[in-house]
Amino acid sequence: MGARPSLRVAVLVERQRQPSVWEDWRHRIADVVLDEGQFGDAPRMLRDDGARAQFLHPGFEVALYADEGEGYHLNLSTGQPVWFVMWRVDDEDPSLARPERVMLSYNEAGRLLDAQERVDNLPLPAAVRDWLQAYTDAHYRPEPKQRKRPASFVAPEKRR
């Protein structure tokens, strides 16, 4: 069994101080960029002017799995394929937010949302979209649609 296809990415998190009278902090995932080792291994602050700050979190592996083929297909077929980034606000320090996972499967992102996790999405660069499309074309075959007969055409004894 060969190595699983994967990319390394870094996630840029933006923080805004007191965006409204009801919030002390607002976080958002600002970008996902390819990481070829140029960002090091540790998260770091890029800038902080008191009102806005940016933090770079390098070293996330985005691996492709054959059993997520439907999720990749759904992402690609939206017309605007995206990165999905699951992230959390720090329990001890709400001024900090950290990305936890980066993925490309619509289904995987849906499972995390169903579990009440925060998942943001950002547009996928063309090169990554093409890479994902090639993998999906090679490993995913949609299930053929089974036509279901209307109940009025099914014998009464078989309607259970």
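**Close-up 1. Around Pro 94 in a predicted model.** Leaving aside neighbours within four places in sequence, Pro 94 is in contact with Trp 25, His 27 and Val 89. This is a predicted model, and Pro 94 has its place in the loop between S5 and S6. With a relative accessible area of 44%, Pro 94 is partly exposed.

**Close-up 2. Glu 108, a residue of helix H2.** Is Glu 108 buried or exposed? Its relative accessibility is 15%, so Glu 108 counts as buried. Setting aside neighbours within four places in sequence, you'll find Glu 108 in contact with Glu 68, Arg 101 and Met 103.

**Close-up 3. The largest nonpolar core.** Here we have 22 residues, and those with the most contacts inside the core are Val 11, Val 32, Trp 83, Val 102 and Leu 104. Who supplies them? At least two residues each come from strand S1 (6-20), strand S2 (23-34), S4, H1, S5, strand S6 (97-103) and H3. S1 gives the most, with 4 residues. Zoom in on Val 32: not counting residues up to four places away in sequence, Val 32 touches Val 9, Ala 10, Val 11, Trp 83, Val 85, Val 102 and Leu 122. There is also a second, separate core, this one of 7 residues, including Phe 84, Met 86, Ala 109 and Val 119.

**Close-up 4. The buried side of helix H1 (residues 69-76).** Which residues are buried in H1? They are Gly 69, Gly 71, Tyr 72, Asn 75 and Leu 76. These residues cover an arc of only 165° around the axis, which puts them on the same side of H1. The buried residues of H1 pack against strand S4 (52-63), strand S5 (82-89), helix H2 (106-114) and helix H3 (126-139).

**Close-up 5. Where H1 meets H3.** Two packed helices are described by the angle between their axes and the distance between the axes. For H1 and H3, the axes come within 10 Å and cross at roughly 135°. The two helices, H1 and H3, are therefore oblique to each other, and H1 passes H3 in a left-handed crossing. On the H1 side, the contact is made by Gly 69, Tyr 72, His 73, Asn 75 and Leu 76. From H3 come Arg 129, Leu 132, Gln 133, Tyr 135 and Thr 136.

Terms used. Residues numbered from 1 in each chain as written. Predicted model: local features only at pLDDT ≥ 70, side-chain atom pairs only at ≥ 80, totals over all residues. Heavy atoms only, no water. Buried < 20%, exposed > 50% of the residue type's maximum accessible area, 1.4 Å probe, protein only. Arc of directions from axis to C-beta. Contact = heavy atoms within 4.5 Å. Core = buried A, V, L, I, M, F, W, Y, C linked by side-chain atoms within 4.5 Å. Axes fitted to C-alpha atoms, helices over the stretch in contact; angles between N-to-C directions. Parallel < 35°, antiparallel > 145°, perpendicular 65-115°, else oblique. Left-handed = near helix turned anticlockwise from the far one by under 90°.
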